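Dear colleague,

Please find the structure below, handed over for your records. My notes on what was found in it follow directly after.

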Amino acid sequence: MKMNLQKIAMGLGLSIALVACSKDEETIVVPVSAITVKDLAADTVTGLGLDGRPQSAGTTTYYSLVDNKVIASTDAASTKWDIAFSSTKILINGGTSGPGIGSAFVYVGLFDALKTIPADSNFKTDNANAASFAIPLGSGKAWYTYDGLTTLVSPIAGRVLVIRTATGKFAKIEILNYYKGGVTLPATASVNDKLFKQRYYTFRYAYQPNGAKTF
Amino acid sequence: MKKPPYIIIFLTLLQSGILSAQSRFVKDTIDASGDSVVVTATRTERKLNNLTVPVTIINAKTIQQNGSLRLTDILKEQTGLNLTSGFGAGIQLQGLNPDYTIILINGEPLVGRTAGVLDLNRIALGNIKKIEIVKGPSSSLYGSEAMAGVINIITDASMGAPLTIGLRYGTYNTVDANLETKLNTKNFQYQGFINSYNTDGYSIRPNSNSRVTTPIDRYSTTQQIKWELSNKTNFVLNTRYTNERIQNEIAVANNGVTIYSIGKENIKDVNVSATLNHRFSKTLKTSLRTYTTTYDAVQNLLTINGLPYRDVLNHNFKRIENQTDWELNKKLQAIFGAGAVWEGVKSSRYDSEKLRKQNDIQFAFTQWEWKPSEKLTLIGGLRFDQNTQFASAYSPKLSMLYTLNPQHQFRFSIGQGFKAPDFRQLFLDFTNAAAGSYSVFGSAQAQQVIARLDALGQIGNLFPNYYLLKALKPEYSNGMHFTWDWKINPSSSLSVQLFRNDIKNLIESQQVGTYITGAQIYSYLNIGRAFTTGFELEGKHIINSNWSLNGGYQYLRTGDKDQIADIKSGTVYTKNSQGYSRLMKLNEYVGLPNTSKHKLQVKINYNSPKGYYLNLRAIYRSKWAVNNNNGNEVFDNGDVFASGYVAINSAAGKSFKNGVSIQGGIDNISNYIDATNLPNLPGRTFYTSIKYQLQKINNNK
């Protein structure tokens, strides 16, 4: 039922938040709709190395949350992109990652429940020199866990990436899946499936173009 | 058959010569009725009917007729017990992990646990008289590890056939050969047992890391001497030696590139115990026991294009203890005991494999048994353990038996059990260079090590947990067991048991800081709280003089109390099938991983007076959670489960009058395979065996 409502809301370009808030709140909220991006390839695997680890070309996929599209890597040194993906690593356009003023933090809670970014939120910028990233790297750190036994990456439930874009606007992201087609692989999936179906991001996001910290 | 056991043939010839001097032979029988004598529950000999705590006895006939070779084979067919895999085959008792059940051989503990698991495949069943399983905390008598219960394997010290030879052959070239000799004079009894077990192993998964699937050569021998020094004093010496070699050649092919590696493992396990028993009078006796055991394991992994990997573990345990039994009057009996333990471990996973880490324990215990009337027995016990490496532990226990009438008996027990922090939790010094260079430091030295690293400028952050690091406390469990035994009629009986265990101070690894590089640093803290609860039903029915039926069922619920509190407070999330997060509901919580809600086993038995027998055993275990796939670390309906399954085993055989007996059997008839979750369960296997028991030579004493 909740899902159906959401679909209808998305279809009309209205968020449930608007419907819910308009009843008891005076402030006018500009409607932002959630967009789902499917199967965004992020340095997909080319084979298995002799060390037993997946091999890949080491590419990064740049994405514009403003325009909802992939940005060519030739524009990596521009503010055209907001967020970039390379295997499980997520970069934000700012600090050592790009010329933008982007930053981010990981919010613990539900995507729909995050209507206003808390005033005391600690936005961080990427600093590759200190191995410190706005979206921290590693299993259990930010948005995923890696299970050494099943060799599967699972997004952590209840994690929202709150992003300040390259140009200083705000967006929120929930990573839904890391495997092709948005389908979670079973623990018993073949080695080939685990290898070649990974690094395809499915995520949903909401972007607030007016610069407000509300969604 | 790879290696004919020549040594056994030689010893057979040698010993059969000696044995012509046989003096007497008494046929040993154990009945499964209430008259069976149990030693584990009270550390004194008590009839099963008079015990105040729930005990299961598995006798030699059941072990033999089921075709069980290793301890795991027979335990997995018991109510309330489940086999676990990973670091060898361990046993889960009433939902508690293998760490929490103490395994004894003739009352002395086995050591050599890997990640808390004692591999029960190490124990051959050839010369076992019986296995006693006590459910519920028993630390009041046995100290650490006896939190969920006690499994005591009692070898056959009775006078019996002077010579028994057994040979078994089965699928995967599995050869099991046994030789048992017994030599008895008026004051002297000797029993010797040799077992050789060789298997090619099986690979239900090509690059499985489970060692049960690997080729194994395993030899074990036990020797027992009992010497009656006088009619009041005797001396018992027990020795056991096991040597196990595993070699596994692994070839992993990927995209036309094959990586070869060779894994070699050698495990040696030695146990020696000497006991002097003396009876001062009809009401006073004492025993002095000394015990020493060493477990030594060496693993080597050679990969064609990688660094060789070597892992060494050497664990020794020495104990001396005295126990005195005093019968004050017909209604009141007391036990007093005290002793000391010296325990040490050397491992390549500690700071130096040459340095032995040591823990000394001094302990004392007492138990009082009061029988105010024929119908009521009350037992109270208390034990105190003092350790050099961690906090001391008191273990009290109270239990009672009320016999309403010969048909109905009620038992109730309440007690506290504990498990001492193990050496790994105290002393581990391990950095995983292969996966992110994270480190794990045992709690006993984590603060020192980290402070030293900090002085070198290698530490990035220290978490609040770092400042909480202190001497680990033992993990505690409070257990309650209530049992109702109902003898419905001479051929049927039913037993109902309710149980609950509340565990606190669970030791868990926690991140305490980071390196300057961001790599994690972990140590161990007492943080977890959990429970296991449920009920067990066991029934027996004798259909007629040939056929009988028995079965058992366990219903089990488990949970992590902190996780339940988090779910209730609305801070635990889960994901729906589209990947959208939502709050998790309490009714979605499935409890602790690797625990199944239902376990059922049924056995049909046929025995004919002519020595034929047949049995069919079915074991069902319902699904259990194995992996978390939504990162919330809480197991819910959406996580990864191993499917429930049924395994059916059958064996049949005949015993002839001339001492020869033959047996054939099929295990896992339906060929159920789950390589990921049940690496210890091969597909369908067949076996056949022959046994010869030399009959008494001179029986007219």
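**Confidence and conventions**

Chain A has an average pLDDT of 84, and 84% of the residues score at least 70; pLDDT is the predictor's confidence in each residue, from 0 to 100. This is a predicted model, in which local features need pLDDT of at least 70 and side-chain atom pairs count only at pLDDT 80 or more, while totals for chains, interfaces and linings use all residues. Residues are numbered from 1 along each chain as its sequence is written, and chains are lettered from A and ligands numbered from 1 in the order in which they are written.

Over residues 1–27 of chain A, pLDDT stays under 50, and the model has 21 contacts beyond four places in sequence for them. Where pLDDT is low, the predicted coordinates should not be read in detail.

**Chain A**

Chain A contains 3 helices and 13 strands, taken as DSSP runs numbered from the N terminus (helices H or I, at least four residues; strands E, at least two).

An open sheet of 4 strands in chain A has the order β5-β4-β6-β7, with antiparallel pairing; two strands pair if DSSP finds at least two bridges between them. Its edge strands, β5 (69–71) and β7 (89–92) of chain A, each pair on one side only. Strand β6 (residues 83–86) of chain A is joined to β7(A) by 4 bridges, and A:Ser86 has A:Lys89 in β7(A) as its bridge partner.

**Contact between chains A and B**

The contact involves 26 residues from chain A and 23 residues from chain B, two residues being in contact if their C-beta atoms, placed from the backbone, lie within 7 Å. On the side of chain A that touches chain B, the elements giving two or more residues are β2 (45–48), β9 (144–147), β10 (152–155) and β12 (170–179) of chain A.

**B:Tyr613**

B:Tyr613 lies in strand β33 (residues 612–621) of chain B. This residue counts as buried because it has 20 C-beta neighbours inside 10 Å. Not counting residues up to four places away in sequence, B:Tyr613 touches B:Gln65, B:Tyr606, B:Asn607, B:Ala652 and B:Gly653.

With kind regards

Key
Buried ≥ 20, exposed ≤ 12 C-beta atoms within 10 Å, placed from the backbone.
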